[in-house]
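Student: I have not worked with this structure before, and I would like to go through it with you step by step. Could we look at it together?

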Amino acid sequence: MGKKILMMVGDFGEDYEIMVPFQALLAVGHTVHAACPDKKAGDAIATAIHDFEGQQTYSEKRGHNFTLNASFAEIRAENYDALVIPGGRAPEYLRLNPAVIAAVRHFFDAGKPVAAICHGAQLLAAARVLEGRTCSAYPACRAEVELAHGKYAEIAIDAAVTDGNLVTAPAWPAHPAWIAQFLAVLGTRIEA
């Protein structure tokens with residue numbers, strides 16, 4: 001049976017880290033509600049595309065417009081089975097919103113599955129849910145993970161790590177591993 005999943009998104013979240021998991025989770029039968037503070041269902045967020053082109057860090061380009069299918073003011077974390085936090089620039093400002101922080105804490109307090117990728121760790125650190133947890137993230141977020149008393153998992157860019165109900169990965173090249181591990185934590189079975 002499909003789960004009801006909340007995806008916390010915002011302007012200039014990473015395009016692939018929003019679009020790919022959103023569509024993949026829908027494709028296997030889950031309900032996914034993408035919500036952003038101060039926006040409602042039908043509004044769009046602007047995404048950014050981060051790419052690895054040989055420089056010391058990623059490059060950033062304008063992505064797509066992603067249409068939200070849930071109104072942030074109406075969501076109640078307790079009505080969801082799991083949480084997905086994409087990376088990109090959005091976690092930088094989402095972590096300043098007390099309602100977002102409260103929602104993230106709910107999923108950890110309730111022991112519900114949480115998947116975060118790339119800069120999503122910034123939101124986890126701000127919510128103070130990483131203490132004693134192993135968490136991967138984009139390498140530039142290592143400081144946030146460690147300052148939040150988490151153990152930074154230094155893994156390949158296409159790998160993911162699971163620590164109990166928390167599934168994390170460094171960036172979108174990890175989608176196959178990250179999504180597969182999250183589906184396992186959700187208890188999703190895909191039969192051929």
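Student: In what order do the six strands of the open sheet stand?

Tutor: This is a predicted model, in which local features need pLDDT of at least 70, side-chain atom pairs count only at pLDDT 80 or more, and totals for chains, interfaces and linings use all residues. Residues are numbered from 1 along each chain as its sequence is written, and side-chain values use heavy atoms, with hydrogens and water left out. Strands here are DSSP runs of E with at least two residues, helices are runs of H or I with at least four, both numbered from the N terminus, and two strands pair if DSSP finds at least two bridges between them. The pairing in this open sheet is mixed, and the order is β3-β1-β6-β7-β11-β10.

Student: Which strands stand at the edges, each with a single partner strand?

Tutor: An edge strand has one partner, so one of its sides is left without a neighbour in the sheet. The strands in that position are β3 (31-35) and β10 (161-163).

Student: Which residue in β6 stands opposite isoleucine 5?

Tutor: Strand β1, residues 4-8, pairs with strand β6, residues 82-85, in the parallel sense over three bridges. Opposite isoleucine 5, the residue in β6 is alanine 82.

Student: Is histidine 50 buried or exposed?

Tutor: Histidine 50 lies in strand β4, which spans residues 44-51. Buried means under 20% relative accessible area, exposed over 50%, and partly exposed in between, with a 1.4 Å probe and protein chains only. Because its relative accessibility is 3%, histidine 50 counts as buried.

Student: Is histidine 149 buried or exposed?

Tutor: Histidine 149 is found in the loop between α5 (142-147) and β9 (151-152). Its contacts, meaning heavy atoms within 4.5 Å, are with Leu130, Glu131 and Gly132, once neighbours within four places in sequence are left aside. Since its relative accessibility is 55%, histidine 149 counts as exposed.

Student: How far away is the nearest side chain of opposite charge from lysine 112?

Tutor: Lysine 112 is in the loop between α3 (98-109) and β7, and it is buried yet has no salt bridge. A salt bridge is a side-chain nitrogen of Lys or Arg within 4 Å of a carboxyl oxygen of Asp or Glu, where Lys and Arg count as positive, Asp and Glu as negative, and His and the chain ends are not counted. The nearest side chain of opposite charge belongs to aspartate 81, at a distance of 6.0 Å.
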